[in-house]
Amino acid sequence: MEALKISGLTKTYKTGVQALKGIDLTVDAGTITALLGANGAGKTTLIAILTGLVNKTDGSVSVFEHDIDSDPQSVRSMIGVVPQEFNFNIFEKVEDIVINQAGYYGVPRDKARARTEFLLRELGIWDKRRSIGRTLSGGMKRRLMIARALVHEPRLLLLDEPSAGVDVELRLGMWEFVRKMHAAGTTVILTTHYLEEAENLCENVVIMKKGEIIKSGAVKVLLRDAKQQSFVVTVVRPSGTEEIIDVFLVDGQSVTDYVQKLASDGTIVRDIRPKANRLEELFLEVNS
Ligand SMILES: Nc1ncnc2c1ncn2[C@@H]1O[C@H](COP(=O)(O)OP(=O)(O)OP(=O)(O)O)[C@@H](O)[C@H]1O
Ligand SMILES: [Mg+2]
């Protein structure tokens with residue numbers, strides 16, 4: 001089943017900026033997808049259209065087979081969103097922020113309370129439940145927004161840069177949490193500038209550039225097909241000196257060919273390892 005189906009989606013802002021130039025995208029239910037793209041690529045605009053915050057100019061969008069134009073209520077109730085910018089009432093208490101959100105979706109009060117406790121505990125901010133939003137640290141605010149997004153048990157969770165301003169340890173904890181929600185059946189779409197986040201957490205990636213999708217598919221397949229692969233190779237030259245070289249293999253070239261070429265003049269290859277983040281290379285390649 002498709003969690004999201006977008007066809008020919010365009011958005012031109014009043015200023016004349018064409019933020020989306022005809023997007024076609026299908027996201028299968030039960031997957032985790034990363035939306036990548038440089039600043040201004042159109043990621044937040046896309047998310048804002050899904051949540052009804054921004055009106056599309058043209059095209060069609062459906063969420064779990066409910067059309068956003070003819071059935072906006074259903075679409076909204078199936079989506080939970082963590083926006084890029086903090087947008088809760090900073091003078092409200094943490095637990096109220098979450099519980100009141102449940103009210104918008106008609107979740108009964110008792111159920112909302114139980115769900116709020118579950119989420120705040122899971123996210124490690126239960127002890128802050130009586131604090132007002134303003135007094136939380138940036139990372140805690142982010143987690144509060146995640147709890148708020150999930151209180152009505154949405155089938156599709158949208159996270160717009162969940163890791164922005166979140167320290168490494170917290171980020172790993174958040175990945176764990178997202179995995180848990182995913183295992184429980186939630187479809188997840190997240191935007192990120194951390195390519196290792198996309199590589200570790202997501203099975204699919206969509207790369208946007210200036211309002212268009214320029215590449216999409218399974219992370220594994222994209223990485224396998226990435227044109228360029230780089231390696232760090234440690235060699236010992238016939239003279240006995242050790243050297244570390246950066247090697248870029250393009251198109252059909254294989255590592256074995258490369259090593260054999262080196263060996264032909266008596267150079268010994270001591271160590272060869274791929275550079276850490278291949279997705280980063282792919283990203284740079286398509287954005288260049
Ligand atoms: N409310 C708005 N009015 C006019 N133009 C806008 C508005 N919001 C976004 N834009 C423009 O639309 C384009 C896409 O912006 P968007 O915020 O969707 O990008 P993004 O991919 O989320 O970028 P970032 O990685 O910086 O968050 C940009 O050129 C931006 O200036
Ligand atoms: Mg954005």
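This is a predicted model: local features need pLDDT of at least 70, side-chain atom pairs count only at pLDDT 80 or more; totals for chains, interfaces and linings use all residues.
The domain assignment divides the protein into two parts. Domain 1 covers residues 2–224, and domain 2 covers residues 226–287. Their centres, taken over C-alpha atoms, are separated by 39 Å. The two domains touch. Domain 1 brings 12 residues to the contact, and domain 2 brings nine residues. Helix 7 gives the largest share, with four residues. By class, this side of domain 1 holds eight nonpolar and four charged residues. It has no polar residues.

Strand 1 (residues 2–12) and strand 2 (residues 18–28) run antiparallel and are joined by eight bridges. One of the bridge pairs sets Lys-11 against Leu-20 in strand 2. The two strands form a hairpin, with five residues between them. Gly-16 sits in the turn and has a positive phi of about 95°. Strand 1 also pairs with strand 4 (residues 58–63). This pair is antiparallel too, and five bridges join it. Here Leu-4 has Val-63 of strand 4 as its bridge partner. In a regular strand, side chains alternate between the two faces of the sheet.

The largest nonpolar core contains 67 residues. Leu-36, Ala-147, Leu-158 and Val-205 have the most contacts inside this core. Helix 5 (138–150) supplies the largest share of the core, six residues. The core lies between domain 1 and domain 2, because both domains give residues to it. Nonpolar side chains tend to be buried together in soluble globular proteins. Leu-158 shows which partners a core residue can have. Leaving aside neighbours within four places in sequence, Leu-158 is in contact with Ile-47, Leu-50, Thr-51, Ile-79, Val-81 and Ile-189.

Ligand 1 is surrounded by 13 residues. The closest are Tyr-13, Asn-39, Lys-43, Thr-44 and Thr-45. Helix 1 (residues 43–50) contributes the largest share of this shell, three residues. By class, the shell has four nonpolar residues, eight polar residues and one charged residue.

Gly-42 lies in the loop between strand 3 (32–37) and helix 1. Gly-42 counts as buried because 24 other C-beta atoms lie within 10 Å, and the cut-off for a buried residue is 20 or more. Beyond residues up to four places away in sequence, Gly-42 touches Ala-19, Leu-20, Gly-37, Met-208 and Gly-211. Among these, Leu-20 is also the bridge partner of Lys-11. Gly-42 and Thr-12 are 30 residues apart in sequence. In space, their C-alpha atoms are 11 Å apart.

Arg-155 belongs to the loop between helix 5 and strand 7 (156–160). With 16 other C-beta atoms within 10 Å, Arg-155 is partly exposed. Not counting residues up to four places away in sequence, Arg-155 touches Ala-3, Phe-64, Met-78, Thr-186 and Thr-187. Arg-155 and Arg-179 are 24 residues apart in sequence and 14 Å apart in space, C-alpha to C-alpha.

Phe-64, one of the residues that Arg-155 touches, lies in the loop between strand 4 and strand 5 (66–67). The phi of Phe-64 is near 45°, a positive value in a residue other than glycine. Phe-64 is partly exposed, with 17 other C-beta atoms within 10 Å. Glu-161 also has a positive phi, near 55°, and is likewise not a glycine. The loop that holds Glu-161 runs between strand 7 and helix 6 (168–183). Glu-161 is buried, because 21 other C-beta atoms lie within 10 Å.

Methods: Residues are numbered from 1 along each chain as its sequence is written. Chains are lettered from A and ligands numbered from 1 in the order in which they are written. Domain bounds come from an automatic or database domain assignment. Two residues are in contact if their C-beta atoms, placed from the backbone, lie within 7 Å. Ala, Val, Leu, Ile, Met, Phe, Trp, Tyr, Cys and Pro count as nonpolar, Asp, Glu, Lys and Arg as charged, and the others, Gly among them, as polar. A residue is near a molecule or strand if its C-beta atom, placed from the backbone, lies within 6 Å of it. A residue is buried if 20 or more other C-beta atoms lie within 10 Å of its own, exposed if 12 or fewer, and partly exposed in between; C-beta atoms are placed from the backbone. A nonpolar core is a set of buried Ala, Val, Leu, Ile, Met, Phe, Trp, Tyr and Cys residues joined through C-beta atoms within 7 Å. Two strands pair if DSSP finds at least two bridges between them.
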